[in-house]
Amino acid sequence: DVKVTQSSRYLVKRTGEKVFLECVQDMDHENMFWYRQDPGLGLRLIYFSYDVKMKEKGDIPEGYSVSREKKERFSLILESASTNQTSMYLCASSPPGIPKDYGYTFGSGTRLTVV
Amino acid sequence: AQKVTQAQTEISVVEKEDVTLDCVYETRDTTYYLFWYKQPPSGELVFLIRRNSFDEQNEISGRYSWNFQKSTSSFNFTITASQVVDSAVYFCALSGDTGTASKLTFGTGTRLQVTL
């Protein structure tokens, strides 16, 4: 069964900490995405990557960075966590080009709380 | 820019009622793709359907049906005879046909609560 795995389901971090959210996919997909989900705002794209070492900013990249050293792994980095980054973070992957029938494959999400 | 609007924030129905979730989209692409995803309490988004912009045929899958109308830029989702297991947040999403990565633009979601 194909999967996108996010390393943590729940995470609590302190303000100012550097936080790493990890995402691994086993489908050999070129594209990977990080979204955050907030009530009333839906899913908003933070960053995406269409190849190893390639990255592009999404709609809300401020306060975040990403790393993609290997095709299967896409990391989201909060350089200095703040309370307004408390959110659900969703990772997704897809093959390149025209969306396949299923669109993206999503991970289960990481609920991050910054205190 | 692409935009997806789900005006209904939350809907509550009693089991066996029919319910329609609205989705209105904006795009300048001539070819585009529309999706519906379900997010149950477990959190993982589950794919329900994809519709191409050049295929306006409506679709039915069991209790689920989708009405795609290009003239009104809408892609509405109807659940017939709703069940408690349908309780979830439902997202409508839109993707264009350009660039190396096809980004999905999501609506804000509609929370559906089905009670006994």
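**Close-up views of a predicted model**

Trp66(B) and Phe77(B) are both buried.

**View 1. Phe77(B) and its two tryptophan partners.** Across all chains, the structure contains 22 aromatic pairs. In one of them, the ring centres of Trp36(B) and Phe77(B) are 5.3 Å apart and the planes meet at 50°, so this pair is tilted. It connects distant parts of the chain, with Trp36(B) in strand E5 (residues 33-39) of chain B and Phe77(B) in strand E9 (residues 74-79) of chain B, 41 residues apart. Trp36(B) is buried, as is Phe77(B). Trp66(B) and Phe77(B) form a stacked pair, at 5.0 Å centre to centre with 5° between the planes. Because Trp66(B) belongs to strand E8 (residues 64-69) of chain B and Phe77(B) to E9 of chain B, the pair ties together parts 11 residues apart in sequence.

**View 2. Strand E12 of chain B and its neighbours.** Strand E2 (residues 10-14) of chain B runs parallel to E12(B), joined by 5 bridges; here Ile11(B) stands opposite Leu112(B). Strand E10 (residues 88-95) of chain B is antiparallel to E12(B), with 3 bridges, and Val89(B) has Arg111(B) as its bridge partner.

**View 3. An aromatic cluster with residues from chains A and B.** One cluster includes Phe33(A), Tyr35(A), Tyr104(A), Phe35(B), Tyr37(B) and Phe91(B).

**View 4. A charge over a ring.** Arg9(A) lies over the face of Tyr10(A), 5.7 Å from the ring centre.

Key: Residues numbered from 1 in each chain as written. Chains lettered and ligands numbered in written order. Predicted model: local features only at pLDDT ≥ 70, side-chain atom pairs only at ≥ 80, totals over all residues. Heavy atoms only, no water. Pairing = 2+ DSSP bridges. Helix = DSSP H or I, 4+ residues; strand = E, 2+ residues; numbered from the N terminus. Phe/Tyr/Trp six-rings, centres within 6.5 Å; stacked < 30°, edge-to-face > 60°. Buried < 20%, exposed > 50% of the residue type's maximum accessible area, 1.4 Å probe, protein only. Lys NZ or Arg CZ within 6 Å of the ring centre and 35° of its normal.
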